[in-house]
Amino acid sequence: MTGRKTLREVRAELEAALGAGPAGDDEVAESLRRFLAAGRNGKGTPNQPLHLTGGASLVPESSQPTGAPPAGER
Amino acid sequence: MATRSPDPIPLTESRRRRTQILQVARSVGFVGRVEYRHVYSQTGGAQYGHGAGEAADLLTVFAEALERAANPDDFSLRAMIAHERGHQLLARHPRLSARLAGVSDAAEEVLASLLGALVVEPGSDRDLLIAKATAELLAAGREAEDAVRLVRELWTTLGELL
């Protein structure tokens with residue numbers, strides 16, 4: 001499961017424990033420092049935006065199946 | 001208990017979401033069926049389902065995953081799906097499944113995040129999955145230095161096993 005903790009919560013917990021991040025020039029240390037610096041710089045994570053298409057008729061589909069995947073996608 | 005519901009979306013949007021999710025899932029190597037369900041779940045956004053065989057495995061992505069992905073302060077869709085691919089690798093990869101069978105649920109979450117980080121390109125998605133794994137170890141009671149040391153060790157070991 002993805003887990004319900006938001007990225008903001010993850011960042012806050014890491015900042016509390018690691019400050020600006022661990023020392024070292026290994027990939028993990030550099031990654032954690034970049035992650036924490038991105039939060040301090042207010043850059044966040046460049047997520048792909050959710051494009052909700054417009055449309056006159058909204059079709060409720062809470063129970064609508066997604067449909068069978070194309071052949072070859074099974 | 002209050003029940004939240006996702007806003008209705010047009011069929012075209014549902015199809016667009018499924019296409020997007022399928023592309024991301026395949027790009028991180030997920031094998032099996034991929035579904036989008038326009039419902040809220042208790043999973044945080046996505047879930048791996050273990051099938052009778054790898055081709056019968058199921059990735060289900062729920063409405064909140066798309067909502068979370070639209071928030072720059074939350075996980076991207078690619079990171080969420082890569083984490084689920086990490087669960088699939090733990091279950092299906094011959095060397096990983098042999099060595100890591102029977103780990104606790106908490107340990108599996110850490111491993112899935114690190115495996116997810118390994119299957120995405122270097123960049124923000126990889127960074128936040130490594131951060132998530134580290135935060136999970138901290139939440140489990142590890143000291144900061146110990147958590148980082150363990151993530152380093154796992155990162156190296158998992159990279160060699162993949």
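Tutor: Happy to. First a term: helices (H or I, at least four residues) and strands (E, at least two) are DSSP runs, numbered from the N terminus. Residues are numbered from 1 along each chain as its sequence is written, and chains are lettered from A and ligands numbered from 1 in the order in which they are written. This is a predicted model, where local features need pLDDT of at least 70, side-chain atom pairs count only at pLDDT 80 or more, and totals for chains, interfaces and linings use all residues.

Student: Ok, where is A:Val10 placed?

Tutor: A:Val10 sits in helix α1 (residues 7-18) of chain A.

Student: Is A:Val10 buried or exposed?

Tutor: With 24 other C-beta atoms within 10 Å, A:Val10 is buried. The cut-offs: a residue is buried if 20 or more other C-beta atoms lie within 10 Å of its own, exposed if 12 or fewer, and partly exposed in between, with C-beta atoms placed from the backbone.

Student: And what does A:Val10 touch?

Tutor: Not counting residues up to four places away in sequence, A:Val10 touches A:Lys5, plus B:Ala131, B:Lys132 and B:Ala135. Contact here means that the C-beta atoms, placed from the backbone, lie within 7 Å.

Student: Switching to chain B, which helix has residues 124-139?

Tutor: That is α6(B), with 16 residues. From first C-alpha to last α6(B) reaches 22 Å, close to the 22 Å expected at 1.5 Å a residue; the expected span is 1.5 Å times one less than the number of residues.

Student: Why is α6(B) largely enclosed by the rest of the structure?

Tutor: Because 15 of its 16 residues are buried. Just after α6(B), B:Gly141 takes a positive phi of about 105°.

Student: Now the strands. What does β3(B) pair with?

Tutor: Strand β1 (residues 33-37) of chain B pairs with β3(B) in the parallel sense over five bridges, and β2 (residues 46-49) of chain B pairs with β3(B) in the antiparallel sense over four bridges. Strands count as paired if DSSP finds at least two bridges between them. In β3(B), B:Leu59 is the bridge partner of B:Val34, while B:Thr60 is that of B:Gln47.

Student: How many residues of β3(B) are buried?

Tutor: Four of its five residues, so to speak mostly covered.

Student: Last one: what is the average pLDDT of chain A?

Tutor: Chain A averages 69, and 53% of the residues score at least 70. pLDDT is the predictor's confidence in each residue, from 0 to 100.

Note on methods. Two residues are in contact if their C-beta atoms, placed from the backbone, lie within 7 Å.
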